[in-house]
Amino acid sequence: MKNSQKLIILATLLVGVAIIGFTTFKFTQPTQSITKTSGKALVGGDFTLINQDGKTVTNKDFEGKYMLIYFGYSFCPDVCPTELQVMTGALEQLGDDAKTIQPVFISVDPDRDTPAVMKEYVANFYPGMIGLTGSKKQVAAAAKVYRVYFSKVEEKGADPDAYAVDHSSIIYLMGPKGEFVKHFSYGTDPAKLAKGIKAATKG
Ligand code: NI
């Protein structure tokens, strides 16, 4: 197993622990009001990014819809395209039930993932999938609120433009007010993802 894979797994486990911590808190504090717990989730929050048309968008622009979010980068050789295919497959299986769900791909590689690159890339997947990038600072801030780990891999002697970026691989389902609903680990298949989304968004 490569170091990068170990890091991805470790980062995924850490986010899992954070999410479990939040869920436990919710279940053990049933009398807490909703206002007290909303915004206290360890995953999700404010972000300002740039969409594939070059327009600045924030988390507020997505309110009213569920968001299915995945962080990665368009030059990713296998993990990102696989996961975006899984998201696409699940949304296709959901059919009309997918209308309330906005798939979003957020880049952790803003140097290469310009809005134009993102536009071309997301077009390979689900129609209407939004690709978000931004300045290094904006991207780092978005990754931070979603507890996403990423790190540029610098290899000596390698082409400086052909670098890889290690990153955690988790699909997040966020609610219509931007609240964390559910996460899906790396390796979830489209049918299971579709079932999980359906269960979480119909109730
Ligand atoms: Ni990737």
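Modeller: Here is a walk through the salt bridges, with a bit of background to start. Keep in mind that this is a predicted model, where local features need pLDDT of at least 70 and side-chain atom pairs count only at pLDDT 80 or more, while totals for chains, interfaces and linings use all residues. Residues are numbered from 1 along each chain as its sequence is written, and side-chain values use heavy atoms, leaving out hydrogens and water.

The protein has 203 residues, and 44% of them count as buried (under 20% relative accessible area; exposed is over 50%, and partly exposed is in between, with a 1.4 Å probe and protein chains only). Its secondary structure is made of six helices and nine strands (DSSP runs numbered from the N terminus: H or I of at least four residues for helices, E of at least two for strands).

Now to your salt bridges: the whole structure holds seven. The term means a side-chain nitrogen of Lys or Arg within 4 Å of a carboxyl oxygen of Asp or Glu.

Let's start with Lys119 and Asp53, whose side chains meet at 2.7 Å, N to O. Lys119 sits in helix H4 (residues 115–122) and Asp53 in the loop between strand S1 (48–51) and strand S2 (56–58), so this pair ties together parts that are 66 residues apart in sequence. Lys119 has 45% relative accessibility, so it counts as partly exposed. Asp53 reaches 52%, so it counts as exposed.

Next up is Asp97 with Lys198, a salt bridge at 3.4 Å, N to O. This one also links distant parts of the chain: Asp97 is in the loop between helix H3 (79–94) and strand S4 (101–107), Lys198 is in helix H6 (residues 190–201), and the two are 101 residues apart. Both partners are partly exposed, Asp97 at 24% relative accessibility and Lys198 at 42%.

Then there's Asp111 and Lys136, with their closest N and O atoms 3.0 Å apart. Asp111 is partly exposed at 45% relative accessibility, whereas Lys136 is exposed, with a relative accessible area of 57%.
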